[in-house]
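Trainee: I have a structure to look at and would like to learn how to read its features. Could you take me through it step by step?

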Amino acid sequence: LAAFMCLGRYSDLCRLRFDSGYFEVHAWGIRFFLDKRKPDQQYKGQWIDVARNEMAAVAFDGFSAVDELLAARVALGSVGPILRRVIVSPRQGRILAPPFFPPDHLPLKFRGLPMNASRELLQAHLQECLVSQCGLDAATAKRYTTQGIRAGAATTLVKHRIPEQRIKDLAGVTSEDWLVTYDRVDLERRLEGSHGFGFDC
């Protein structure tokens with residue numbers, strides 16, 4: 001959900017944190033701070049705003065992205081990375097890792113770093129959810145990658161006619177042809193051109 005709302009790459013997700021200074025709650029929604037992003041060559045960082053949308057909540061039976069992310073924050077103890085590592089134990093099953101690398105037995109350069117889930121674990125979880133929550137068969141779900149979340153978010157914003165520059169700002173890109181690559185143009189939009197003629201071709 002955070003990847004979708006922030007049009008995030010995997011590297012972006014690894015920098016999203018619930019810690020003070022990285023996450024803020026406002027009446028209008030929530031904010032995440034990315035201290036580094038791929039095109040951010042000056043290391044200024046970027047705030048990403050996620051708005052409350054009452055109309056969307058009505059349309060989706062009360063679902064609120066902001067409320068879901070706030071609930072995740074509480075579940076994760078309001079500290080550490082969003083993309084928390086999950087440890088698989090033969091005796092205990094899946095265990096949520098501590099928010100940061102334990103400092104005592106690791107080299108100094110690793111101490112205090114966020115315990116992020118691997119890209120492979122995130123992708124496997126996405127595919128599991130597509131089967132259990134969305135009803136896809138396992139073979140179809142296997143075709144989806146974490147990059148698809150970013151493409152789906154970009155496509156959704158284009159369909160809602162959000163200005164291209166705003167989408168690129170949110171996605172953290174500067175390339176002119178980025179949307180051409182990421183926007184998955186569906187049949188309805190592909191037919192818009194001929195519908196515009198106003199008669200049956």
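**Reading the sheet, the helices and the rings**

Mentor: In this predicted model, an open sheet is formed by 3 strands in the order β1-β2-β3, with antiparallel pairing; two strands pair if DSSP finds at least two bridges between them. β1 and β3 stand at the edges with a single partner strand each, so one side of each has no neighbour in the sheet. Residues are numbered from 1 along each chain as its sequence is written, and helices (H or I, at least four residues) and strands (E, at least two) are DSSP runs numbered from the N terminus. Local features need pLDDT of at least 70 and side-chain atom pairs count only at pLDDT 80 or more, while totals for chains, interfaces and linings use all residues; side-chain values use heavy atoms, with hydrogens and water left out.

Trainee: Over how many bridges do β2 and β3 pair?

Mentor: Strands of a sheet pair through backbone hydrogen bonds, either parallel or antiparallel. Here β2 and β3 pair in the antiparallel sense over 6 bridges, and F33 stands opposite W47 in β3. On this sheet packs α4, which touches β1, β2 and β3 and whose direction makes about 60° with that of β2; contact means heavy atoms within 4.5 Å, and such angles, which run from 0 to 180 degrees, are taken between N-to-C directions of axes fitted to C-alpha atoms, for helices over the stretch in contact.

Trainee: Which residues of α4 are buried?

Mentor: Buried means under 20% relative accessible area, exposed over 50%, and partly exposed in between, with a 1.4 Å probe and protein chains only. In α4 the buried residues are A65, V66, L69 and L70. Seen down the helix axis, they fall within an arc of 135°, so they line one face of α4; the arc is that of the directions from the helix axis to the C-beta atoms. The face turned away from this buried side carries the exposed residues V74 and A75.

Trainee: What are the buried residues of α8, and which elements do they pack against?

Mentor: I167, K168, L170 and A171 are buried in α8, and they cover an arc of only 160° around the axis, which puts them on the same side of α8. These buried residues pack against α1, β3, α7 and α9. Just after α8 comes G172, which takes a positive phi of about 70°.

Trainee: How many residues does the largest nonpolar core have?

Mentor: In soluble globular proteins, nonpolar side chains tend to be buried together. A nonpolar core is a set of buried Ala, Val, Leu, Ile, Met, Phe, Trp, Tyr and Cys residues joined through side-chain atoms within 4.5 Å. The largest one here has 33 residues, and those with the most contacts inside it are L7, L16, I30, F32, L83 and W178.

Trainee: How many aromatic pairs does a search of the whole structure find?

Mentor: A pair of aromatic rings is described by the distance of the centres and the angle of the planes. Rings of Phe, Tyr and Trp (its six-membered ring) pair if their centres lie within 6.5 Å, and planes under 30 degrees apart count as stacked, over 60 as edge-to-face and the rest as tilted. The search finds 5 aromatic pairs. One of them, F18 with F32, is tilted, at 6.5 Å centre to centre and 50° between the planes. F18 lies in the loop between α2 and β1 and F32 in strand β2, so this pair ties together parts that are 14 residues apart in sequence.
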